[in-house]
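Colleague: I am new to this structure and would like to go through it slowly. Could you show it to me before I begin with my questions?

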Amino acid sequence: MTENSDARKPAVGRARGRTKAPTAKGEERRREIVAAASELFARAGFRGTGMAEVAQRVGITEPGLLYHFGSKEGLLRAVVEHRDLRSQAFARDIAAVGGLQALREMPAFAHRNREQPGLAKLFAVLLAENLDPGDPEHDFFVRRYREMRAVVAGMIREGQRGGEMRADVSPELKAIEILAALDGIASQWLLDPEEVDLVVSIEEYARTLIRDLATDPEPAETGAPEEVQG
C-alpha cells in the first residue's frame, strides 16, 4: 500500500526531495522561469498571476514548472530571494564604508533602481502582498528588514565611534527612518515618475541626513550638480 501510494505521488513531491545537483541546463531553465515570474508578479502581483501564465511565458508545461519549484509559493520564494540577493549585497558594500561617507554613497541606490524599475516595482508589489503573518513570504520580509536595519544601524555606530556622527542619535531609530524614507521615495517615484525624480530626491535626502547627523556639518557632496555662482 505504501509503495503504491508513493508511486502515485506527482513529480512535484519528488522534486522537493531531490538531492541530485541540478544540471547547467536545469539552472538556466530556472533562471528563465524566475525572470519571467518576476516580470509577471511585478505587473499583476503574486495572487493575480497563475502558474499556467508563467509556464506559457517560458514555453513549458505547468507540471514542468512545478518540477523546478515544487509549488507556486516555491516559485515566489525563488523570485524574492533572487531579487534581494543583489540588493542586500549592494547595501552591505555601501554600509561597510561606514560613517558619513556611506551616506554620501546613498544615491547609488537611486541610480540602481532607476536603471531597473521592474525590480523596484516587483519588491513594492510583493511587500504589499505579504504584510500579514499568514502570507507566504511574510517571514522573509520581516527577516529582510531586520537585517537591513542592523546594517544601517551598524553604519551609524561606525560613524559615532569615529566621532563624525552625533552620539545622541539612536542608531536603531535612525535606521528605521532611513529605510522608511528610501522606500517611501521609491514608492512615489513608481507611482508618478514624471513628477518625482528618484535620484534628485534621494540626493537631497542624503544631504539632509548628513547635516542632521554630522558632528561638524560641512557641504555634503552626493553627486548633485554644483550650484552656479552668478
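Modeller: Helix axes here are lines fitted to C-alpha atoms over the stretch in contact, and the angles run from 0 to 180 degrees between N-to-C directions. Please keep in mind that this is a predicted model.

Colleague: How are α3 and α5 oriented to each other?

Modeller: Helix α3, residues 24-44, packs against helix α5, residues 62-69, with the axes 11 Å apart and at an angle of about 105 degrees. Angles of 65 to 115 degrees count as roughly perpendicular. The two helices, α3 and α5, are therefore roughly perpendicular.

Colleague: Which residues of α5 make the contact with α3?

Modeller: On the α3 side, the contact is formed by Gly 26, Arg 29, Arg 30, Ile 33 and Val 34. By class, the residues of this contact of α3 with α5 comprise four nonpolar, two polar and two charged. From α5, the residues taking part are Leu 65, His 68 and Phe 69.

Colleague: What is the handedness of the crossing in which α9 passes α10?

Modeller: Helix α9, residues 117-128, and helix α10, residues 138-161, pack with their axes 10 Å apart at an angle of about 120 degrees, which makes α9 oblique to α10. The crossing of α9 past α10 is left-handed.

Colleague: How many helices does the protein have?

Modeller: Read from the N terminus, the elements run α-α-α-α-α-α-α-α-α-α-α-α. The protein has zero strands, and its number of helices is twelve.

Technical notes. Residues numbered from 1 in each chain as written. Predicted model: local features only at pLDDT ≥ 70, side-chain atom pairs only at ≥ 80, totals over all residues. Heavy atoms only, no water. Helix = DSSP H or I, 4+ residues; strand = E, 2+ residues; numbered from the N terminus. Parallel < 35°, antiparallel > 145°, perpendicular 65-115°, else oblique. Contact = heavy atoms within 4.5 Å. Nonpolar A, V, L, I, M, F, W, Y, C, P; charged D, E, K, R; others polar. Left-handed = near helix turned anticlockwise from the far one by under 90°.
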